[in-house]
Amino acid sequence: MGHNFTNSTDADEDFWLRHSLGVASVFCVAYTIVFLIGIFGNSFVIAVVARSPRMRTTTNFFIVNLAVADILVVIFCLPATLVSNVFLPWILGWFMCKAVSYLQGVSVSASINTLVAISFERFLAICYPMKGQITASIAKKIVISIWSSSLLISLPWAVHFSLSPIIPDLPEVELCVEMWPHPSSELLYFIFANLVLCYLLPLCLITACYVGIWIKVWRRQIPGETDGNAQVNSVIQRSKLKVVKMMLVVVIIFVVSWLPLYIIFTRIKVGGDIEPNSLEENVLIIAAPIAQWLGSSNSCINPVIYAFLNKKFRKGFKAILKNKKCCGTLRYDTSSISTSFTNSPTQNYHHNYKR
């Protein structure tokens, strides 16, 4: 990073801190907000489904799995990412370097793959309602495969992340970085496991599912739609437009949340060396923590998109607050006036944070 280590207090601060105290404070506040919302929001989602027997549907089973993955993202990604963005050296030790890197990859991959599963389940339920239903047993197998693949695909991080001295004269002051035997292996893993499997492919699948849903919903003939009643037709068209807008929001949030971070990752991995103390390095030093925060923020946006905008979930949240108990079955009305195609939201999330 171009820091010079001396015995002066100012130089020590300059060496240990990546940013000024003011900037570091802003990062701390921003990351803490996402952390708290992510923990409480996703915990409420899990509690509503766990305590409400009528809410235990296949879709909600996937949403709970997403909430679990997002809680893990919040726990393992945000604190370690914040520490690595505030302090220049890695201060959490060798074991945490490997463990946090690996668990970051697992949790984010599981979150993203669950978003794809939700999209696919909604596509089948809406486009093929009579023969395309995913049963509970199939859903369990999908969830097992999601976590198994996430555990497997992230293994190289556990192997190749390690501590490396910042400067030879201070071997105890180290960074947590990827150390691959061959640069080509690192590049291949990034392109295949990170860029393709955790961004481009999920984006294509989610988009394809919601395009299919949009086509089905827009073309669907609903009783009363062609009876000449202008007011009824207007309500139906507004309902369809609401679904289309939701689909658009889902895809846009997925793209926007992760695009800045993947642009930065691609530049670092593919674009060659970055000149020390250059304008590009200075921009990346500020942009990377912001991009990482933006990607992590999906973990608190997901419960909003998938649950808080759902009338049944909102009733469940209110019931928990009124109940004032941490456990036990909730008794409340779960009926909803929404049509079958208005309860189909979704979106996304991604990867390693210590660069």
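What follows is a conversation about a predicted model of one protein chain.

Trainee: What makes up the secondary structure of the chain, and how do the elements run from the N terminus on?

Mentor: The chain comes to 11 helices and 2 strands, and from the N terminus on the order is α-α-α-α-α-α-β-β-α-α-α-α-α. Of its 355 residues, 45% count as buried.

Trainee: Why is the pair C97 and C176 called a disulfide?

Mentor: The name asks for two cysteine sulfur atoms within 2.5 Å, and the sulfur atoms of C97 and C176 are 2.0 Å apart, so the pair meets the definition. By this rule the count comes to 1 disulfide. It links distant parts of the chain, with C97 in helix α4 and C176 in strand β2 (residues 174-178), 79 residues apart.

Trainee: What makes this disulfide of C97 and C176 right-handed or left-handed?

Mentor: The torsion about the S-S bond of C97 and C176 is about 85 degrees, and therefore the disulfide is right-handed.

Trainee: How do you know whether C97 and C176 are buried or exposed?

Mentor: A residue is called buried when its relative accessible area is under 20%; C97 has 0% and is therefore buried, and C176, with 7%, is buried as well. The same cut-off of under 20% covers C198, which counts as buried at 2%, and C300, which counts as buried at 11%.

Trainee: What makes E186 and K269 a salt bridge?

Mentor: In general, side chains of opposite charge can pair when their charged atoms come close. The cut-off between the nitrogen and the carboxyl oxygen is 4 Å, and the closest N and O atoms of E186 and K269 are 2.6 Å apart, so the pair qualifies. E186 lies in helix α7 (residues 183-219) and K269 in helix α8 (residues 230-270), so the pair ties together parts that are 83 residues apart in sequence. K269 is itself buried, because its relative accessible area is 17% and the cut-off is under 20%.

Trainee: How do you know that R267 and E280 meet in a salt bridge, and are these residues buried or partly exposed?

Mentor: Their N to O distance is 2.5 Å, which is within the 4 Å cut-off. R267 lies in helix α8 and E280 in helix α9 (residues 279-296), so the pair ties together parts that are 13 residues apart in sequence. R267, with a relative accessible area of 21%, is partly exposed, and E280, at 32%, counts as partly exposed too. Elsewhere, salt bridges that share partners join E178, E186 and K269 into one network.

Trainee: Which residues touch the most other members of the largest nonpolar core?

Mentor: Among the 58 residues of that core, they are V45, I206, Y306 and F313, while the largest share of the core, 13 residues, comes from α4. Leaving out residues up to four places away in sequence, the residues that F313 touches include V45, V48, M55 and Y306.

Terms used
Residues are numbered from 1 along each chain as its sequence is written. This is a predicted model: local features need pLDDT of at least 70, side-chain atom pairs count only at pLDDT 80 or more; totals for chains, interfaces and linings use all residues. Side-chain values use heavy atoms; hydrogens and water are left out. Helices (H or I, at least four residues) and strands (E, at least two) are DSSP runs, numbered from the N terminus. Buried means under 20% relative accessible area, exposed over 50%, partly exposed in between (1.4 Å probe, protein chains only). A nonpolar core is a set of buried Ala, Val, Leu, Ile, Met, Phe, Trp, Tyr and Cys residues joined through side-chain atoms within 4.5 Å. Contact means heavy atoms within 4.5 Å. A salt bridge is a side-chain nitrogen of Lys or Arg within 4 Å of a carboxyl oxygen of Asp or Glu.
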